[in-house]
Amino acid sequence: MIVLLLLNMTVVLADEGSDGVFISTLFVWDFDWTVINCNSDEYIPASFIGSDEMERRLLAMIKQHGPAKWHDCVADLINDCMTESKATKQDVLNAAASMPYLSDVRGALEDIANDSKCGLCIISDGNDEFIKAFLKRKNMIDFFSRGIETNFGIWDNNKDDDNDNTTMSKELFSVVHQSTKYGGHSCAKCPPNLCKTQVLLDILSRETQRPRVVYIGDGSNDVCPAINALEEGDVLLARKGNKISNPNALSGEQKDESSEFSGQEFPIMATIERRQREDGLVPRCRISTWNLGKELRDLVQSILNGNTNLSDV
């Protein structure tokens with residue numbers, strides 16, 4: 001019953017975002033490694049047990065249960081961290097609110113939000129509890145007038161012993177897949193929790209007229225909408241190059257020059273190349289790449305200024 005209520009509330013919120021006002025351009029944002037400069041699912045538990053221990057435990061869980069159970073493993077790890085450190089729900093949300101982000105990425109979001117011809121939305125494999133905790137703390141949640149589509153973070157209060165009235169209730173975290181809104185999805189390339197093509201097409205269906213889409217993403221799961229939902233005239237701003245090597249050691253606003261980009265490579269471009277090689281599929285949209293926040297903001301400003309001569313990959 002609680003889950004159904006939350007799902008219904010989310011649908012209403014998303015519908016309210018499409019207010020009937022025509023927008024010429026819809027900017028669609030991934031969240032992890034785009035709006036923020038880390039992976040939220042890893043950053044939160046690492047805040048309590050450190051990056052090395054987080055990685056060791058999470059890899060062991062994924063090995064045992066399989067990658068399709070990623071969100072269940074993340075939730076179990078967060079619950080373990082809360083038990084071990086006696087942390088509360090608010091402690092977890094405070095950690096989410098402190099996630100690192102690039103100042104020029106925030107600047108790009110502000111530039112878009114201040115343009116009345118544009119709309120913003122998020123499509124993320126994260127969860128709404130962490131995303132909204134971050135956006136509210138940074139006063140950015142109102143930017144996303146076209147909705148935040150992601151998995152549903154659920155908090156349940158459970159007592160260790162229902163027969164003992166003196167036992168303090170324990171808050172347990174779980175994640176419900178976003179795709180439950182649609183009764184699941186049939187995309188063979190996407191994980192069971194969410195197909196970003198399905199979500200993007202749903203968002204576009206709520207617009208009075210299809211706007212041009214500018215999609216900002218970094219991951220292999222952003223390739224599905226790039227190939228299947230973006231059209232000629234749309235733009236993919238794909239993050240390429242390497243991640244920062246120590247994201248879980250950072251918090252709050254970052255300048256590009258303060259971070260060392262020597263971590264793993266962002267997978268989106270390699271995945272696009274693999275889909276072309278294996279399936280013969282290529283995005284119909286224009287593709288430009290970025291790594292630093294300033295590079296992204298410059299691309300966004302060019303689009304807002306009507307410059308169609310973006311550098312192609």
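Where pLDDT is low, the predicted coordinates should not be read in detail. The chain as a whole averages a pLDDT of 89, and 87% of its residues score at least 70.

Let me state the conventions. This is a predicted model, in which local features need pLDDT of at least 70 and side-chain atom pairs count only at pLDDT 80 or more, whereas totals for chains, interfaces and linings use all residues. Residues are numbered from 1 along each chain as its sequence is written, and side-chain values use heavy atoms, with hydrogens and water left out.

I turn to the overall architecture. The chain has twelve helices and nine strands; these are DSSP runs numbered from the N terminus, with helices being H or I of at least four residues and strands E of at least two. Of the 313 residues, 50% count as buried. Buried means under 20% relative accessible area, exposed over 50%, and partly exposed in between, with a 1.4 Å probe and protein chains only. Among contacts in the chain with a separation of 6 or more, 70% are accounted for by residues 24 or more positions apart.

Next, the interior. In soluble globular proteins, nonpolar side chains tend to be buried together. A nonpolar core, as used here, is a set of buried Ala, Val, Leu, Ile, Met, Phe, Trp, Tyr and Cys residues joined through side-chain atoms within 4.5 Å. The largest such core has 57 residues, and those with the most contacts inside it are Phe-27, Trp-29, Leu-135 and Leu-237. Helix 5 supplies the largest share of this core, seven residues. Apart from it lies another core, of 24 residues, including Cys-121, Ile-203, Ile-227 and Ile-268. Returning to Leu-135, its partners beyond four places in sequence are Phe-31, Val-35, Ile-122, Met-140, Ile-141, Phe-144 and Ile-148.

The pocket analysis follows. On a 1 Å grid over the protein atoms alone, a pocket is an open set of points where a 1.4 Å probe fits, with protein on both sides within 12 Å along at least five of seven lines; lining residues have an atom within 4 Å of a point. Grid points are joined across faces, edges and corners, and a volume is the space filled by probe spheres set on the points. The largest pocket holds about 1200 Å³ of space. Its lining comprises 36 residues, of which Trp-33, Asn-39, Glu-42, Trp-70 and Lys-243 are the closest to its centre. Two or more lining residues come from each of helix 2 (31-35), helix 3 (40-49), helix 4 (51-65), helix 5 (70-85) and strand 3 (118-127). Helix 4 gives the most, with six residues. By class, the lining has 13 nonpolar, 13 polar and ten charged residues.

Most residues other than glycine have a negative phi. Trp-33 counts as buried because its relative accessible area is 7%. Asn-139 also has a positive phi, near 55°, but is exposed, with a relative accessible area of 60%. Asn-139 lies in the loop between helix 8 (128-137) and strand 4 (148-159).

Finally, two further loop residues. Asn-291 is located between strand 9 (286-290) and helix 12 (293-304) and is buried because its relative accessibility is 14%. Beyond four places in sequence, Asn-291 touches Arg-239, Lys-240, Gly-241, Asn-242, Phe-261 and Phe-266. Asn-246 sits in the loop between strand 7 (235-239) and strand 8 (253-254) and is partly exposed, at 36% relative accessible area.

Key:
Nonpolar A, V, L, I, M, F, W, Y, C, P; charged D, E, K, R; others polar. pLDDT = per-residue confidence, 0-100. Contact = heavy atoms within 4.5 Å.
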